[in-house]
Amino acid sequence: MDFSLDEHHELLRKTVRNFARAEVAPHARNWDEQERFPAEIVPRLAELGLLGICIPQEYGGTGLDTTSYAICVEELARVDGSLALTVASHNGLGTGHILAAGSEAQKRKYLPMAAKGKWLAAWALTEPSSGSDSADLRTTARREGSGWVINGTKMFITQGSVGGFCVVLARTNASANPGVAKHRSITAFVVEHGTKGFSASKPLEKFGCLSSDTCELTFEDVVVSDEHRVGEIDQGFVDTMKILDRGRVSIAAMALGLGFGALDMAIAYAKDRKQFGKSIGDFQAVQWMLADCKTELDAAKLLTYRAAWLADEGLPFAKEASMAKVYASEAASRACNKSLQIHGGNGYMRAFNVERHLRDAKICEIGEGTSEVQRMVIAKHLLR
């Protein structure tokens with residue numbers, strides 16, 4: 001049993017950590033305060049291969065494994081949850097769906113553009129009326145001649161207004177066969193930004209990850225050819241579940257980064273801050289909070305990288321991905337909250353980054369399946 005990363009993964013971690021500290025950390029708070037997507041950093045992300053982590057080299061990506069994907073997201077999240085979310089969703093969802101179910105023509109058209117940062121990828125599943133029950137979507141795609149007409153609304157879509165293309169899930173079989181199971185009547189389509197009838201709202205006002213682009217998308221009689229269909233007709237939800245499993249590993253990694261980043265801040269502050277004539281790190285109450293954070297985050301890290309390893313080995317990992325996500329996300333929120341407590345009044349101020357980490361961490365308990373949904377997934381596997 002070996003708990004260490006190989007030389008390649010350690011070098012990758014060091015490279016991304018140095019980039020994050022030098023080129024992201026100095027700007028993250030300003031991006032957050034401005035609630036602005038930092039388009040200027042996208043070329044650097046592409047240059048480092050962070051927009052094509054899992055895209056094979058033949059399509060312009062770096063062709064790395066799931067473990068590498070988790071490392072990259074974790075290191076970015078240590079300094080900026082918003083940028084980590086951008087990289088996680090771009091690689092895991094939008095491009096991930098094309099890579100998993102797209103045709104060869106779609107892969108050659110969209111993946112190189114995504115890896116180069118020319119087109120960021122969005123992925124549209126959630127709707128105003130369907131969140132955890134994602135199969136209950138109302139967006140439709142009806143057959144018209146040799147193509148399709150898409151109508152509906154999607155909500156909480158990352159890269160919604162800045163993405164070059166969007167993979168959208170729509171109901172395709174319900175009208176012809178009303179009795180068919182709702183999860184067996186969904187098909188995926190790729191729709192390019194600028195397509196007539198496809199529009200994005202202004203960025204939504206959020207609690208955290210303020211510089212990540214999140215929008216509502218509207219499809220009004222959007223016409224696409226059958227070449228824009230991704231995967232088989234009525235099989236989109238099956239593909240979606242596979243994509244979400246890998247995405248949950250990345251969200252667990254994002255939570256890890258936010259938690260460890262907050263812990264680093266707490267340790268530094270506990271050493272520097274003096275009260276009652278000594279560093280607050282000398283007080284048992286503070287020491288126990290630090291110890292709990294470190295223990296929980298290390299346990300979350302083991303769960304996260306176990307799930308990533310299983311995915312890389314081609315072994316089943318759905319249960320393990322859910323276990324990693326639910327534990328890492330909740331451990332990260334606890335770590336960020338305790339770090340803010342250690343900072344006291346200063347932690348409540350925006351001048352200290354710990355409050356931003358706490359806000360950013362909350363989405364990890366919600367996005368790509370809430371903590372409650374993850375527990376449902378885990379239980380179903382146990383009770384089979």
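1. What radius of gyration would a compact globule of 384 residues have, and what does the protein have? This is a predicted model, so every remark here concerns a prediction. A compact globule with 384 residues would have a radius of gyration near 21 Å, and the protein has 21 Å, which agrees with that expectation. Along its principal axes, the C-alpha trace spans about 80 × 45 × 40 Å.

2. The secondary structure consists of ten helices and ten strands. Of the contacts between residues at least 6 apart in sequence, 75% join residues that are at least 24 apart. Buried residues account for 55% of the 384 residues, while the protein exposes about 17,000 Å², of which carbon and sulfur atoms supply 54%. As for charge, the mean positions of the 45 positive and 47 negative charges are 2 Å apart.

3. The largest nonpolar core has 68 residues, and those that touch the most other members are Leu45, Leu50, Leu76, Met254 and Ile342. Several helices each supply at least two residues of this core, among them helix 1 (7-34), helix 3 (66-77) and helix 8 (318-343). The largest share, 14 residues, comes from helix 6. A second, separate core of 24 residues includes Ala135, Leu137, Val190 and Leu244.

4. Is glutamate 75 buried or exposed? Glutamate 75, which lies in helix 3, counts as buried because its relative accessible area is 1%, and the cut-off for buried is under 20%. Leaving aside residues up to four places away in sequence, glutamate 75 touches Arg13, Val16, Arg17 and Ala20. Glutamate 75 and leucine 258 are 183 residues apart in sequence, yet their C-alpha atoms are 8.9 Å apart in space.

5. Helix 9 (residues 354-361) deserves a careful look, since seven of its eight residues are buried and it is therefore largely enclosed by the rest of the structure. Those buried residues are Val354, Glu355, Arg356, His357, Arg359, Asp360 and Ala361. They pack against helix 1, helix 3, helix 4, helix 6 and helix 8.

6. Histidine 97, in helix 4, is also buried, with a relative accessible area of 0%. Which residues does histidine 97 touch, not counting residues up to four places away in sequence? They are Gly102, Trp123, Val167, Leu169, Ala188, Val230, Gly236, Asp239, Thr240 and Ile243.

7. Phenylalanine 156, found in strand 3 (residues 147-158), has a positive phi of about 60° although it is not a glycine, and it is exposed, with a relative accessible area of 55%. Glutamate 368 has a positive phi of about 55° and is likewise not a glycine. Glutamate 368 lies in the loop between helix 9 and helix 10 (371-382), and at 17% relative accessibility it counts as buried.

Terms used
Residues numbered from 1 in each chain as written. Predicted model: local features only at pLDDT ≥ 70, side-chain atom pairs only at ≥ 80, totals over all residues. Heavy atoms only, no water. Helix = DSSP H or I, 4+ residues; strand = E, 2+ residues; numbered from the N terminus. Rg over C-alpha atoms; globule rule 2.2 N^0.38 Å. Buried < 20%, exposed > 50% of the residue type's maximum accessible area, 1.4 Å probe, protein only. Contact = heavy atoms within 4.5 Å. Areas by Shrake-Rupley, 256 points an atom, 1.4 Å probe, with all protein chains shown as cover. Lys, Arg positive; Asp, Glu negative; His and termini not counted. Charge placed at Lys NZ, Arg CZ, Asp CG, Glu CD. Core = buried A, V, L, I, M, F, W, Y, C linked by side-chain atoms within 4.5 Å.
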